[in-house]
Amino acid sequence: MKNPIIYLILMFLLSACDSDVSTQNTNAAPAPTEVVATQVEEKQSTEKQASLEWNYPETKTGDVVDTYFGTEVKDPYRWLEDDLADDTAAWVKAENKVTQKYLANIPYKDQIKEHLTAVWNYEKVTAPFKEGDYTYFYKNDGLQNQYVVYRKKGDGPSEVFLDPNQFSEDGTVSLGQLSFSHDGSKAAYAISEGGSDWRKVRIIDVESKEQIEDTLVDIKFSGLSWYKNEGFYYSSYDKPEGSELSAKTDRHKLYYHKLGTAQSDDSVVFGGTEEEKHRYVFGGVTEDSKYLYISAAVSTNGNKLFLKDLSQKDSKLVTVLDHTDSNTSVFHNIGEQLFLMTDLDAPNKRIVTVDAKNPAPENWKDLIAETEHVLSASNGGGYIFAKYMVDAVSQVKQYDYKGQMIKQVELPGVGTASGFSGKEDETVLYYSFSNYITPGSIYTYHPNTQKSDFYSKPKVNFDPEKFESKQVFYTSKDGTQVPMIITHKKGLNKDGNNPTILYGYGGFNVSLTPRFSIANAVWLEMGGVYAVPNLRGGGEYGKEWHIAGTQLQKQNVFDDFIAAGEYLIENKFTSSDKLAVRGGSNGGLLVGAVMTQRPDLMQVALPAVGVLDMLRYHTFTAGAGWTYDYGTAEQNEEMFKYLLGYSPLHNIKQGVDYPATMVTTGDHDDRVVPAHSFKFAAELQAKGSKANPLLIRIETDAGHGAGTPVSKTIEQYADIYAFTLWNMGVKTL
């Protein structure tokens, strides 16, 4: 069984937002000529100057003022928070018109788009998994907007099981979770419309593929966990008043849906009480259907844990943990023996066992003790697979259920391995492996013999032998050593003239591990450098590394990122004229903070779906759950002043030469609402100098990133790369 609880919370909330998948290509066109970085001539033709002018729309201002601990803070663009207003819609349309006109006149934008399209156009297949009588897998023929779910019985032919491309004409309705009943005869799957986190769930008969009852609606931040073949557990909030895309949602509830009954009759299993608000509640059923385990959290870090014996009628909910001081989850059981993964008294995590009848922490026994490396775990085929991060790269060890190590799995190289999970009776498991220059390949693993075999490797028009990816350690402002992986063509001329993207996240215990990306491959082929530091605030070195980048220590994250840029410049990988900084979600905050603190460091800034108003972020949707990392302006005066001191929106200064900036967001982003980006762009345009364009690109019918159609993703990367290179002074490709 996969470990669903805290991982789901993190991925649902503030995950890094690169939406292209780790992949490979069979029908790619030749790469464009390597970028030749030539400075834009001081004197251009009148026609070219006119084509790349940017005249921002007029943005009205209001007189809203908030007072925090006696300090007045103006919020002139508060009106842009109303996503239902006609004025907001008109502003979005006007801003997009300016941005698209600017981008359309970059001479090589279409060339980049054509190459991205060619590189994307190849078959992509995921590892298979078994449910009932069928083996299922996901496949994309090349440029399909959404992956298609296929299945086959035994050695028979494959057939389409679910095709999300049929959900809508433009591919903006995507498939979310897909979960099967215990015997595989029924399936429940979630769909997202326009990228929203709100979901609808359909239930189908697997043989006929026909829907068997009414669609469930208004489901958000949810797993779909079946109890036998009778029904499943799911989570949601009450539908908010006003805009469902921006209104606050902070009271999560776990429901049980019994097949054949109306959703209105679904019972609340946990949550929704007035006494205590749990913002994130998840429920999972053990593989043997014996136990329901419930995680209840008030923020993205830490959870309470409860257990219910489903084999006993009317059994009571048993408390495993009554506090949120740890991240603890059930990932397996053998009868009444529970296997938990926890960071309680173990910042790098450990696996413990306990009797379900007495599951309190004082009864826990170490099965796999904490080590110096951060642990995650999965199980399948009768074994546990302990997956460690060693300086952000994978190491995997196989254990039996008595805690004895069987073998360290020999991986294909240095990179990221994922998988090693399945049902208890599986004799073959699957895992994938990739890094920044190695397209993802799939391998089989036989847990009983510890043999690993190659399963599938895509044919890619990308030669890893022409590139190198190396890890370095650099020194941050306070002396902390921070790792960074730098990827580029072999034989790179370190003359400080290489277009470079520095990508970061640094928050919510999220770890950036090396993975292949189609879009990054195109950047590398064009002669670009791609650098990813593992900043504090992430999870690469456990709880202490995470905490070192939270609340009153958040500046550490920005300092780490700034130091990464300085390292690249000092070591002649690039220069400030050829450096772009990029990040999404919490990484958008990172970019916004660094570009306002050190506008001289980079030439281009690319904040995506960013948290940019640190005084009001918690007033929208699920934002109140992010307080563990950020704190709030109302918390106390010290926290207010600290947030005000780095909040990107509030630190834009009049007349400063900010780097060329393209803010990106989606109009259906109900996780980090687009108002953050709207207000930030408006403030930049009002106060920044005219030295560089300060634009915003607002994708319509798109959300925080997940489920974005391939067509929209390609268009977005073409715009980002064209904008970046042009503002670095690259005139031709």
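Helix axes here are lines fitted to C-alpha atoms over the stretch in contact, and angles run from 0 to 180 degrees between N-to-C directions. The model is predicted.

**Helix 12 and its partners**

Helix 4 covers residues 109-120 and helix 12 covers residues 710-727. The two pack at an angle of about 140°, with their axes 9 Å apart. Helix 4 and helix 12 are therefore oblique to each other. Angles over 145 degrees would count as roughly antiparallel. The crossing of helix 4 past helix 12 is right-handed. On the helix 4 side, the contact uses Lys109, Ile112, Lys113, Leu116, Thr117 and Trp120. On the helix 12 side, the contributors include Val710, Ile714, Tyr717, Tyr721 and Leu725. Sorted by class, this contact has ten nonpolar, two polar and four charged residues.

Helix 5, residues 518-525, also packs with helix 12. Here the angle is about 30° and the axes are 11 Å apart. Helix 5 is therefore roughly parallel to helix 12. This crossing is right-handed. Ala519, Asn520 and Trp523 of helix 5 meet Tyr717, Tyr721, Thr724 and Leu725 of helix 12. The contact of helix 5 with helix 12 has five nonpolar and two polar residues, and no charged ones.

| Pair | Angle | Axis distance |
|---|---|---|
| Helix 4 and helix 12 | about 140° | 9 Å |
| Helix 5 and helix 12 | about 30° | 11 Å |

Tyr721 takes part in the contact with helix 4, and Tyr721 also meets helix 5.

**The largest nonpolar core**

Which residues of the largest nonpolar core touch the most other members? They are Ile112, Met484, Ile486, Leu502, Tyr630, Tyr721 and Phe723, out of 120 residues in the core. Helix 12 gives the most to this core, with ten residues. Ile112 also sits in the contact of helix 4 with helix 12.

**Loop residues**

Arg616 lies in the loop between strand 37 (604-608) and helix 9 (627-630). Is Arg616 buried or exposed? Its relative accessibility is 17%, so Arg616 counts as buried. The cut-off for buried is under 20%. Leaving out residues up to four places away in sequence, Arg616 touches Asp66, Tyr68, Asp75, Arg78, Glu81 and Lys679.

Val460 is in the loop between strand 31 (451-456) and strand 32 (467-475). At 26% relative accessibility, Val460 counts as partly exposed. Pro439 is 21 residues from Val460 along the chain, and their C-alpha atoms are separated by 7.7 Å.

Two other loop residues call for a look at phi. Most residues other than glycine have a negative phi. Lys209 has a positive phi, near 65°. Lys209 is placed in the loop between strand 10 (198-205) and strand 11 (216-220). With 32% relative accessibility, Lys209 counts as partly exposed.

Phe420 has a positive phi as well, near 55°. The loop of Phe420 runs between strand 28 (416-419) and strand 29 (429-435). Phe420 is buried, at a relative accessible area of 0%.

Conventions. Residues are numbered from 1 along each chain as its sequence is written. This is a predicted model: local features need pLDDT of at least 70, side-chain atom pairs count only at pLDDT 80 or more; totals for chains, interfaces and linings use all residues. Side-chain values use heavy atoms; hydrogens and water are left out. Helices (H or I, at least four residues) and strands (E, at least two) are DSSP runs, numbered from the N terminus. Angles under 35 degrees count as roughly parallel, over 145 as roughly antiparallel, 65 to 115 as roughly perpendicular and the rest as oblique. A crossing is left-handed if the near helix is turned anticlockwise from the far one by less than a right angle, and right-handed if clockwise. Contact means heavy atoms within 4.5 Å. Ala, Val, Leu, Ile, Met, Phe, Trp, Tyr, Cys and Pro count as nonpolar, Asp, Glu, Lys and Arg as charged, and the others, Gly among them, as polar. A nonpolar core is a set of buried Ala, Val, Leu, Ile, Met, Phe, Trp, Tyr and Cys residues joined through side-chain atoms within 4.5 Å. Buried means under 20% relative accessible area, exposed over 50%, partly exposed in between (1.4 Å probe, protein chains only).
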